[in-house]
Amino acid sequence: MNDRTNLVDRITGHRRMRRNRKAEWTRRLVQENRLTVDDLIWPIFIVPGSGIVQPIDAMPGVNRMSVDKAVDAVKQAADLGIPAVATFPNIDMALRDEAGSNSLAPDNLINQATRAIKKAVPNIGVITDVALDPFTSHGHDGILRDGEIVNDETVEAIARAAVIQANAGSDIIAPSEMMDGRIGAIREALDASGHQNVGIMSYATKFASAFYGPYREAIGTGGLLKGDKKTYYIDPANGTEAIRDAALDVEEGADMLMVKPGLAYLDICWRMKEAFGLPVFAYQVSGEYTQIKAAAANGWIDGERVMLETLLAFKRAGCDGILSYFAVEAAKILAKR
Ligand code: PBG
């Protein structure tokens with residue numbers, strides 16, 4: 001035996017993983033995944049009125065904006081190279097009712113925002129949700145009858161809302177309410193009204209999660225919601241059921257799939273990408289954002305590094321992109337690299 005062979009070489013058989021990590025330039029050469037601005041979708045909150053930029057207590061750094069201010073912010077996002085925004089309305093309480101009927105008003109807040117954004121910033125994608133929760137007096141995503149969220153009637157309503165959103169200029173309909181049969185119904189309704197080019201990004205696997213808390217403050221549903229969403233969102237314990245649910249969305253014509261929340265569900269991202277090969281997106285939801293911001297504000301973690309690490313983790317888990325409240329902050333950092 002070569003007497004220069006030391007203990008570790010005998011153990012590793014001369015395979016040393018650290019050789020590729022020895023310098024910044026080798027690390028750059030072997031880096032498997034990269035985060036770029038092309039990966040980012042920015043969710044924004046819209047309020048009625050004008051000139052309004054209103055901080056959200058539970059989401060430091062995130063504001064509710066009136067349509068005019070949102071347009072300015074979206075322009076900045078487009079200048080940074082962010083490909084798309086996802087809009088969420090916080091409508092007047094007086095407009096909310098049992099059936100969420102304002103979701104069908106062609107000039108409601110979400111459609112006003114779409115029209116204004118597409119007019120001022122035509123090159124950014126607008127993704128709109130058709131769930132009823134911003135419009136219902138009970139904060140549920142569907143129509144509530146005798147204590148039950150009724151599936152089929154809700155599907156009819158959201159398919160109609162999808163067409164109205166597409167008429168306003170929405171590029172991608174993203175249904176987040178987890179009703180059965182919704183993807184097929186939305187596709188049929190869009191096609192029947194000449195919207196063959198409007199895509200569907202399914203919130204394919206949306207879990208009944210505690211991470212949505214700050215979002216409910218943002219759109220004003222926190223105090224309204226009676227009970228929970230466990231009869232329609234997926235149990236966080238169930239991975240195989242999530243993949244079966246996503247498979248139905250793929251069959252029904254989804255163009256893109258989403259996993260929500262994000263970081264606690266990276267296994268689902270990976271399984272979805274492997275199973276279907278469709279573009280997969282993760283939604284890094286409000287509670288995930290808030291955790292990082294709160295810890296960073298206390299000086300307990302390096303907020304910027306943790307943000308970038310989480311965004312990169314989604315890429316490693318097979319995601320094509322991430323919906324994140326960090327999108328603008330991350331895009332600014334990426335622009336400097
Ligand atoms: C509801 C909806 C939710 C989010 C977006 N649309 C969850 C909910 O309130 O049940 C959550 C987004 C976030 O937490 O950032 N259709």
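This is a predicted model: local features need pLDDT of at least 70, side-chain atom pairs count only at pLDDT 80 or more; totals for chains, interfaces and linings use all residues.
User: Let's start with helix H3. How do you know that its length fits a helix of 14 residues?

Analyst: Take 1.5 Å a residue: residues 67–80 should then span 20 Å, and the end C-alpha atoms are 20 Å apart, so the two agree.

User: Which residues of H3 are buried?

Analyst: Val-67, Ala-70, Val-71, Ala-73, Val-74 and Ala-77 are. Seen down the helix axis, the buried residues fall within an arc of 170°, so they line one face of H3. On the other side, Gln-76 and Asp-79 are exposed.

User: On to strand S9. Why is S9 called largely enclosed?

Analyst: Buried means under 20% relative accessible area. In S9 (residues 199–206), 8 of the 8 residues are buried, so the strand is largely enclosed by the rest of the structure.

User: Which strands pair with S9, and in what sense?

Analyst: Strand S8 (residues 172–174) pairs with S9 in the parallel sense over 2 bridges, with Ile-173 opposite Ile-200.

User: What makes a β-α-β unit with S8 and S9, and what is its handedness?

Analyst: The helix in the unit is H6 (residues 182–192), and S8, H6 and S9 together make a right-handed β-α-β unit. The label right-handed applies if, with the strands pointing away from the viewer, the path from the first strand over the helix to the second runs clockwise.

User: Why is Met-178 worth a look?

Analyst: Met-178 has a positive phi of about 65° although it is not a glycine. Most residues other than glycine have a negative phi. Met-178 sits in the loop between S8 and H6.

User: Is Met-178 buried or exposed?

Analyst: Its relative accessibility is 5%. The cut-off for buried is under 20%, so Met-178 counts as buried.

User: And what about Asp-146: buried or exposed?

Analyst: The relative accessible area of Asp-146 is 80%. Exposed means over 50%, so Asp-146 is exposed. Asp-146 lies in the loop between strand S6 (143–145) and S7. Asp-146 too has a positive phi, about 50°, and is not a glycine.

User: Why does Glu-148 count as partly exposed?

Analyst: Glu-148 comes in at 48% relative accessibility, so partly exposed is what Glu-148 counts as. Glu-148 belongs to strand S7 (residues 148–150). Glu-148 and Thr-231 are 83 residues apart in sequence, yet 8.7 Å apart in space, C-alpha to C-alpha.

User: Where is the cis peptide bond, and what is its omega?

Analyst: It joins Lys-260 and Pro-261, with omega about -10°. Most peptide bonds are trans. Pro-261 is in the loop between S10 and helix H9 (266–276).

User: Last one: how is the protein divided into domains, and how far apart are the C-alpha centres?

Analyst: The division gives domain 1 (1–31) and domain 2 (36–335). Their C-alpha centres lie 45 Å apart.

Technical notes: Residues are numbered from 1 along each chain as its sequence is written. Side-chain values use heavy atoms; hydrogens and water are left out. Helices (H or I, at least four residues) and strands (E, at least two) are DSSP runs, numbered from the N terminus. The expected span of a helix is 1.5 Å times one less than its number of residues. Buried means under 20% relative accessible area, exposed over 50%, partly exposed in between (1.4 Å probe, protein chains only). The arc is that of the directions from the helix axis to the C-beta atoms. Two strands pair if DSSP finds at least two bridges between them. Domain bounds come from an automatic or database domain assignment.
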